[in-house]
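This report describes a single protein chain for a reader who is new to structural analysis. Please keep the sequence and the structure in view while reading.

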Amino acid sequence: MMLAAELALAEVDVALVERRPDHVLAGSRAGGFHARTIEVLDQRGVAERFLAEGQVAQAAMLAATVLDMSDFPTRHPYSLGIFQNKIERIMAAWVAELPVQMLYGCEVAGFAQDGAGVDVALADGRSLRARYLVGCDGGRSVVRKAAGIDFPGWDATRSNLIAEVELTEEPPPGIRHDATGIHALHLMEDGRTVRVVLTEQQIGSGPDPTMEELKEALITVYGTDFGVHTPTWISRFSDTTRQAAAYRAGRVLLAGDSAHIHYPAGGQGLGLGLQDAVNLGWKLAQVVDGTSPEHLLDTYHDERHPVAARALQHTMAQATLQRRDERMQALVDVVSELAVMDEPRKQIAGLISGLDIHYDLGEGHPLLGRRMPDLELATADGPLRAFTLLHAARPVLLNLGTPGGVDITPWAHRVQLVEATYGGDWELPVLGAVPAPSAVLVRPDGYVAWVGVGDGSGSGLEEALTTWFGPSSTA
Ligand SMILES: Cc1cc2nc3c(=O)[nH]c(=O)nc-3n(C[C@H](O)[C@H](O)[C@H](O)COP(=O)(O)OP(=O)(O)OC[C@H]3O[C@@H](n4cnc5c(N)ncnc54)[C@H](O)[C@@H]3O)c2cc1C
């Protein structure tokens with residue numbers, strides 16, 4: 001849905017093919033997302049919709065330690081607790097406001113690509129023709145498999161049952177750890193439904209466990225099944241960790257869980273996928289409308305693959321730290337001593353929150369390849385938040401130096417030039433203070449593509465504009 005929104009904002013003709021009959025999700029599933037994902041939604045002017053229905057909290061954790069990031073230089077120095085069924089409802093409402101064809105109840109069975117497009121076969125025998133196909137179809141992605149893209153990684157070492165049920169007996173509060181992993185019983189908003197997460201003694205198989213398996217697992221951990229009844233959702237997940245070897249095969253691309261799966265410890269999955277979509281959307285739009293050559297799409301893999309690889313490594317470590325025999329507890333204690341120290345706290349919170357993402361766009365000013373901060377700018381028309389400039393998902397050249405000092409006339413129809421001033425400090429999460437630039441070129445995903453410094457503010461600008469937003473109109 002995020003990718004469909006991005007493409008629609010860029011005026012691409014987009015259809016979203018979803019096998020479910022509607023956006024409604026059977027269970028609550030993921031529990032929220034972290035700061036950079038909130039920022040990304042803020043860049044499109046929709047963060048408030050999610051914030052209004054969730055609860056902000058310091059929820060970036062390493063082992064047993066909360067990594068308080070309330071001092072991070074961002075408008076959103078926290079995580080947002082909001083279940084995935086709510087997230088998908090809000091997202092679906094937003095997408096419905098945009099020109100997106102929603103094809104619910106349609107299952108993709110395969111595809112065939114040629115030099116000009118992709119024929120997408122639906123399970124009911126129909127087919128669709130598109131210039132490009134993006135598989136956002138989850139960990140068991142049909143698109144990834146049909147594209148023949150390898151999915152190397154690590155097999156499961158443990159599995160968890162997750163369920164929403166009612167109990168006749170009062171459950172103990174809080175989270176339990178033992179040598180197998182984590183167990184938790186959590187009373188939900190309605191005051192009746194309990195969300196159960198249990199690590200299984202043996203690795204279970206299949207995504208649809210039974211009520212009997214749930215009862216047995218409860219008895220194993222708690223000595224009782226608490227009179228469990230009325231399940232509305234029972235599912236299973238594991239710590240299988242895999243990443244697509246390539247995010248693109250010709251006209252077919254992957255985003256979200258189809259490109260990377262991992263244990264949900266740390267809660268990074270949803271945000272990773274959403275940010276894949278925001279990285280890919282404008283690039284695909286520019287290739288579709290002929291603004292940029294096809295190889296711009298390769299920067300999607302180059303930028304996003306390392307980000308997910310790092311998150312996968314981190315979640316494997318987090319998952320390992322959930323096991324608590326005495327030796328593991330000793331490791332958790334050591335890690336906890338480190339995690340409260342300032343530098344490790346910042347480093348790990350930067351990773352979990354996604355605020356430290358640095359795309360390798362070459363040597364230069366520290367802002368290059370990093371997120372544009374949501375500064376309070378002064379313009380001739382009054383105050384303006386930097387993120388407001390990104391609502392339309394278009395590139396922006398922000399001139400903060402001598403008015404009229406930057407000329408982008410040959411790109412003026414593609415890149416918005418904004419004259420502004422900013423007198424405050426430039427501070428980046430984890431890195432700290434950086435020298436004030438005189439101009440910045442910001443991509444539609446909010447990452448800085450070029451930085452002007454001092455009087456030589458124009459040097460390298462044309463090259464950056466051409467690389468990211470296609471050749472000039474005079475070229
Ligand atoms: C218990 C649990 C807790 C989690 N907690 C968190 C958390 O706190 N924070 C977090 O960020 N992440 C969390 N995650 C991970 C998160 O749920 C996933 O990363 C996220 O849902 C991935 O989104 P996606 O859109 O890529 O894939 P999915 O959510 O799997 O969506 C894929 C969609 O494609 C559709 N589809 C699949 N195949 C086809 C087909 N052939 N044709 C048509 N449609 C198809 C599916 O119906 C589905 O709607 C958690 C996951 C679990 C299991």
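## Domains

The centres of domain 1 and domain 2, taken over C-alpha atoms, are separated by 26 Å. Where the two domains touch, domain 1 contributes 8 residues and domain 2 contributes 11 residues. On the side of domain 1 that touches domain 2, the residues divide into 2 nonpolar, 3 polar and 3 charged.

The model discussed here is a predicted one. According to the domain assignment, domain 1 consists of two stretches, 2–151 and 242–353. Domain 2 covers 159–238, and domain 3 covers 376–469.

## The shell around the ligand

How many residues surround the ligand? There are 27 of them, and the closest are A30, G138, G256, G269 and L270. The elements that give two or more residues to this shell are β1, β2 and α7 (269–288). The largest share, 4 residues, comes from α7.

The antiparallel pairing of β8 with β9 (residues 118–122) is made by 5 bridges. Within this pairing, F111 has V120 in β9 as its bridge partner.

## Strand β28 and its partners

Strand β28 (residues 439–442) pairs with β24 (residues 396–399) in the antiparallel sense, over 4 bridges. Here L398 has V440 in β28 as its bridge partner. Strand β28 is also joined to β29 (residues 448–452) by 4 bridges, and these two strands run antiparallel. In this second pairing, V442 stands opposite V448 in β29.

Which residues of β28 point one way, and which the other way? A439 and L441 point one way, whereas V440 and V442 point the other way. All four of these residues are buried. Strands β28 and β29 form a hairpin with 5 residues between them. In its turn, G446 has a positive phi of about 90°.

## Two residues with a positive phi

Most residues other than glycine have a negative phi. Two residues of this chain may be considered against that background. R29 has a positive phi of about 55° although R29 is not a glycine. This residue is placed in the loop between β1 (14–18) and β2 (32–33). A63, which is likewise not a glycine, has a positive phi of about 50°. A63 is found in the loop between β4 (61–62) and β5 (65–66).

Terms used. Residues are numbered from 1 along each chain as its sequence is written. This is a predicted model: local features need pLDDT of at least 70, side-chain atom pairs count only at pLDDT 80 or more; totals for chains, interfaces and linings use all residues. A residue is near a molecule or strand if its C-beta atom, placed from the backbone, lies within 6 Å of it. Two strands pair if DSSP finds at least two bridges between them. Domain bounds come from an automatic or database domain assignment. Two residues are in contact if their C-beta atoms, placed from the backbone, lie within 7 Å. Ala, Val, Leu, Ile, Met, Phe, Trp, Tyr, Cys and Pro count as nonpolar, Asp, Glu, Lys and Arg as charged, and the others, Gly among them, as polar. A residue is buried if 20 or more other C-beta atoms lie within 10 Å of its own, exposed if 12 or fewer, and partly exposed in between; C-beta atoms are placed from the backbone.
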